[in-house]
Amino acid sequence: MDENRSCELPCSRFDSWLKIGDFRLLFRTLAYIRAMAFHLPCTATMNRLSLTPAAIAQPTPGELALSGSWTARGIGAIQPQLNAVSSTSGSGKVVDGARIEALDTAGAWVLQKLLRRLGNEGTAVKIRDLRPEFAQLLEVAGRQATLQADSESTVAGAPSSPLEGVGRAAAATVEQVVALLGFVGESAVALAGCVARPARFRWRPILYNIRTAGFDALPIVGLLSFLLGIVVAYQGADQLRQYGANIFVADLVGLSMLREFAPLITAIIVAGRSGSAYAAQIGTMAVTEEIDAMRTLGIAPLDLLVLPKIIALMIALPLLTVFADVLGVFGGMIMARAQLGVGFGEFLERFVKAVSPTAYLIGICKAPVFAAIIAVVGCFQGFRTKGGADSVGRQTTRSVVQSIFLVIVCDALFSIAFSALDL
Amino acid sequence: MPRAEPPDQSVIEISKLSTRFGDHVVHAELDLEVHRAEIFALIGGSGSGKSTLLREMILLQRPDAGTIRVLGVDLQDLGDEETIALRQRWGVMFQHGGLFGSLTVRQNIGLPLREHTRLDDALIDEIAAWKLAMTGLEPEVGMQYPSELSGGMMKRASLARALALDPELLFLDEPTAGLDPESAGEVDQLVRKLRDQFGLTIVIITHDLDLLWQVADRAAVLAEGKVQGIGSMIELSRMDNPAIQKYFDGPRGRAAQEQARTEAQGDQSGGSPSSKPK
């Protein structure tokens, strides 16, 4: 800071002289000095194109001869050499700067560091024949270095240990869990408010979200659950054939698809498709201050952005799950006929006996819970976006990872609960 | 490659430049010249093609016709290596900073050095800290991310990055837009200091009348695809082209003019180019 001040001073003083009035002569002198100063960086930069790398030589033990371009691009090669230079002779040292062709801030910085180090090693360093403009820059660099050295000792904090990292990560996680709970609470309150006054429901965004998150996802959900049905039947076929229990492929495919796979695969696809979109949309709105604008206009962002998404997804996901059930079982049927010789008729006959409506309903009733998790986590991470584009990306990733994680944890809890209830 | 120009030669020469977007003519045979070590302002209303002109000067956009020479290099037929070499000789400060959100301020400033030189990391950090101090920011700011900075700090940090490679030519896009008067005043001083200390040629796009009157050596008014007038602010204020007079009429224009005049009292030549060393 002080260094800036001191450089500023001559010009501002010069301005105030102008204000006062008739210092024409002085003005001309100053203008001349300025004109001189202008030529320096020009000559310095001109040589950049045909760059002579900076070089350092030691003709006698007491002398260092510098030459070439001491610029950001010229000094790259001599750094190791610089570090090797030391005050072998305990007496004094003369640095010859006559053949330095160009000096920029990077070069000045390196040079002042060298001089300072030699000085600290107890050598009396004298620099000679340096062009006056370079000397000026070097002096500025030296003053700045003193400042930086002073401030560094105060700024530098304790180095972070791995333990500290663990602690910080844990604290951040706890903070996030608390914030998520807070967000769930706020959404619940908003939902209760809407239920109390149904006019507050915004049907248009709800319908729009059902279309984008539900209807538009039909092809991908259908394709993947069809493939999953094929895979399950195919993997089971070998085992079943060994025992001659071919017909039980209907039990295998029916129960696994309806109870577990269809809800899970649907939830995972929707988390990747819609949960990420929610986070990115709300995150971008937060960055561009649209959320704040909404608040100032008296529109609750939760009502407009979050509730429609939660409600829409809670409607769309069970429907998608039914669709996934159908296509998954269909995939299993095709594989059963191809691999095990179980015809469609036989398969369906066995399917009706083996799979109770309870199994189907268990699968379906998980879907709204998964939907709530995906929508809430997506929106929550969106609202936590701060800063810029980078943060939007980070929060979006987080929303997908966390919602898939929570969906699977929740599925495990369901399994425990259902087995305790003998369902 | 071009070689050592005499010091008073033009840094930027634009001749017969034409740019069109579809049917919309942005520049119609525009001519412009910027001298070494001067602070040159480009002014004009919205849509007058200032920003397009800037983008053409810094190789972000190609004109439809005409030639642009920057630092003695013709921008028309540049090879890849020449382009990179030329880009290292100028610095650009964008209107909204253009700082990379994923890097700290210090990393942002050090990035050009890391990319284009073989200096080691510790040295780059020290140089970055110096550049930061040059633009008047506290050392702690270096550790922060751009999203944590105020508007004024962001502009300064962006300026520090533009200065990383010690450019000969500096482009500033709206350096004072969106700043409070105090920060804007500090930017005025900073720009002047950079020119005086390092002999930089500075091209500014601005609407800020104070900046124009206090800092600019010369200004060019752009309108209808052409330069309507060029000269020091005092010279411009005496021209009676309506496109130029818009800048001097109106209460804000008069106030800035008045202030500049009282400050320069006693020496009329203070702001005119004739007094400027060449």
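Of the 423 residues in chain A, 33% count as buried, where buried takes 20 or more other C-beta atoms within 10 Å of the residue's own, exposed takes 12 or fewer, partly exposed is in between, and C-beta atoms are placed from the backbone. This is a predicted model, in which local features need pLDDT of at least 70, side-chain atom pairs count only at pLDDT 80 or more, and totals for chains, interfaces and linings use all residues. Residues are numbered from 1 along each chain as its sequence is written, while chains are lettered from A and ligands numbered from 1 in the order in which they are written.

Here are the two chains side by side. Helices (H or I, at least four residues) and strands (E, at least two) are DSSP runs, numbered from the N terminus.

| Chain | Secondary structure | Buried share |
|---|---|---|
| A | 14 helices, 4 strands | 33% of 423 residues |
| B | 10 helices, 10 strands | 47% of 278 residues |

Now for contacts, meaning C-beta atoms, placed from the backbone, that lie within 7 Å. Taking contacts in chain A between residues at least 6 apart in sequence, 83% join residues at least 24 apart. In chain B, residues 24 or more positions apart account for 65% of the contacts with a separation of 6 or more.

On to helix packing in chain A. Axes are lines fitted to C-alpha atoms, for helices over the stretch in contact, and angles run from 0 to 180 degrees between N-to-C directions. Helix α13(A) (residues 357-383) and helix α14(A) (residues 389-420) have axes that come within 9 Å and cross at roughly 150°. That's why the pair is roughly antiparallel; the label needs an angle over 145 degrees, with under 35 roughly parallel, 65 to 115 roughly perpendicular and the rest oblique. Among the contact residues are I362(A), F370(A) and V377(A) of α13(A), along with L406(A), C410(A) and F414(A) of α14(A). The contact's residues split into 11 nonpolar, 7 polar and 3 charged, with Ala, Val, Leu, Ile, Met, Phe, Trp, Tyr, Cys and Pro counted as nonpolar, Asp, Glu, Lys and Arg as charged, and the others, Gly among them, as polar.

α13(A) also packs with helix α9(A) (residues 249-287), at an angle of about 15° and with the axes 8 Å apart. So these two are roughly parallel. Their contact has 21 nonpolar, 9 polar and 2 charged residues.

Elsewhere in chain A, helix α4(A) (residues 105-120) has 16 residues and reaches 22 Å from its first C-alpha to its last, close to the 22 Å expected at 1.5 Å a residue; that expected span is 1.5 Å times one less than the number of residues. Its buried residues include W109(A), V110(A) and L115(A). Just after α4(A), G122(A) takes a positive phi of about 95°.

Over in chain B, helix α3(B) (residues 105-116) has buried residues including I109(B), P112(B) and L113(B). The buried residues of α3(B) pack against α4 (121-134) and α5 (151-162) of chain B.

A couple of loop residues deserve a look too. Most residues other than glycine have a negative phi. E289(A), in the loop between α9 and α10 (290-296) of chain A, has a positive phi near 65°. E289(A) is exposed, with 10 other C-beta atoms within 10 Å. D166(B) has a positive phi near 50° and sits in the loop between α5 and β7 (169-173) of chain B. D166(B) counts as buried, with 25 C-beta neighbours inside 10 Å.

Notes
Contact = placed C-beta atoms within 7 Å.
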